[in-house]
Each structure stands twice: as structure tokens, then as C-alpha cells.
Amino acid sequence: MLFRSPLADEAALNKANIRADRGWQSAVLRVEKGTKYVITAAGQFTLAQQPKPWISEAGGISFDYFGGRPLGLLLATIHPDGREMLPEFAVGRRHEFVAPASGTLYFRLNNSWSRLADNTGQVTVDVQHADRKSTRLNSSHFVISYAVFFLQTNTLLSSIHLLTCSATF
């Protein structure tokens, strides 16, 4: 179950914007223990301005690290009700997980706490139940649709041909 205020926009129920210049940020999304989720992230942000801008996405950049992980890598944690936050886990651009506890999701983009001030930009995080069917089209949908159409058309043509052949005898 994902929970947001009943007044929240229906289309944005499972989305949160995570800013690059902040530490842990509540997504205002609640997960339930034992439920499988998929988190996806999109967007670009800048991690440093000097010596030149370091532009990153949620997967991070691998030429500099903080805490043993690439800078800019999207991280998440769960804050269970009345308890301390659980250990953080790497999300990157996409991550599937089973919630080990019920609580609120928090996110941040990996960077040294002392180097957040010059960061700009954000990523948009989308959290869905893992068993939910995607309604987005991808490159294979056209091929599948064409194949189904082709099979249906050939079956129909075969049926018509069979009827025509049986009518001529």
C-alpha cells in the first residue's frame, strides 16, 4: 500500500521530487512490510560547479565516491513509525525491493554532507507496486501488437479461405 494525503493529485500519488542540494527528504510515501515495490528515477542534476559542472543522473558518476558509493547515486531508506531509520539502500535509476518494515520512504542523492550547497537540480522518483502492469509503451509493444494483428488476420483469412474452399465443392 502506498499512502498520501487524500487531497493529493491522483496522477502524482506515487511521485516525489528529490533535490540534489538537500540531505534525506521525505517522499511522503508509505510502504507496507512484505509488499514488493519498484522505484524508478528520472532527471539530471549538477553535483559540483568547479573545476567544471559534474552532471549526473540517479545512477551516479563513477569517477568520485562518497561512502563507498558513486556520487549522485539515488539512495533510499524507510523510517518505520516510532523507530530509527533503517539502513540505506542503493536505488539508482531503478530498484525492486520487498519492504522489510512499514514506514515512510526517504531519499537522497549521494554526496558528502559538506558538498551539498553547490548542487542544483533534482530527480523525480516514482514508486509502484511491483506486480502492477505497466501501461507505458516501449519499443517491443509495436512488434507484439503487429504479431497479434498478423496472427488474427491470418486466422481470419484462413477461415475465409476454408469457407470459400468448402463452398466450392
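Select Tyr106 to begin; this residue lies in strand β11. Strands here, like helices, are DSSP runs numbered from the N terminus, with at least two residues (E) for a strand and at least four (H or I) for a helix. The model is predicted: local features need pLDDT of at least 70, side-chain atom pairs count only at pLDDT 80 or more, and totals for chains, interfaces and linings use all residues. Residues are numbered from 1 along each chain as its sequence is written, and side-chain values use heavy atoms, with hydrogens and water left out.

Is Tyr106 buried or exposed? Tyr106 counts as buried because its relative accessibility is 19%; buried means under 20% relative accessible area, exposed over 50% and partly exposed in between, with a 1.4 Å probe and protein chains only. Next, display the contacts of Tyr106 (heavy atoms within 4.5 Å). Leaving aside neighbours within four places in sequence, they include Trp24, Gln25, Leu75, His79 and Met85.

Four strands form an open sheet in the order β2-β11-β8-β9, with antiparallel pairing; its edge strands, β2 (25–31) and β9 (89–90), each pair on one side only. Two strands pair if DSSP finds at least two bridges between them. Strand β8 (residues 74–80) is joined to β11 (residues 103–109) by 7 bridges, and the two run antiparallel. Within that pairing, select Ala76, whose bridge partner in β11 is Phe107. On the other pairing, 4 bridges join β2 to β11, again antiparallel, and Val31 has Gly103 as its bridge partner in β11.

Stay on β2, where 5 of the 7 residues are buried. Select Val28, which is placed in this strand. Its phi is near 55°, a positive value in a residue other than glycine.

Turn next to Phe107 and the core. The largest nonpolar core has 31 residues, and those with the most contacts inside it are Leu74, Phe107 and Val125. Such a core is a set of buried Ala, Val, Leu, Ile, Met, Phe, Trp, Tyr and Cys residues joined through side-chain atoms within 4.5 Å. Strands β1 (15–19), β2, β3 (36–42), β8, β11 and β12 (120–129) each supply at least two residues of this core. Beyond its neighbours within four places in sequence, Phe107 is in contact with residues including Ile18, Ala27, Ile39, Leu74, Val91 and Val125.

For the aromatic residues, select Tyr37, Phe89 and Phe97, which form one aromatic cluster. Rings of Phe, Tyr and Trp (its six-membered ring) pair if their centres lie within 6.5 Å; planes under 30 degrees apart count as stacked, over 60 as edge-to-face and the rest as tilted. The whole structure holds 3 aromatic pairs. In one of them, the rings of Tyr37 and Phe97 have centres 5.8 Å apart and planes at 35°, so the pair is tilted. Because Tyr37 lies in strand β3 and Phe97 in strand β10 (residues 94–98), this pair ties together parts that are 60 residues apart in sequence. Phe89 and Phe97 form a tilted pair, with 5.1 Å centre to centre and 45° between the planes.

Two further stops remain. At Arg108, the charged end sits over the ring of Trp24, 5.4 Å from its centre; this requires NZ of Lys or CZ of Arg within 6 Å of the ring centre and within 35 degrees of the ring normal. Finally, select Gln50 and Pro51, joined by a cis peptide bond with omega about 5°. Pro51 is in the loop between β4 (45–46) and β5 (55–56).
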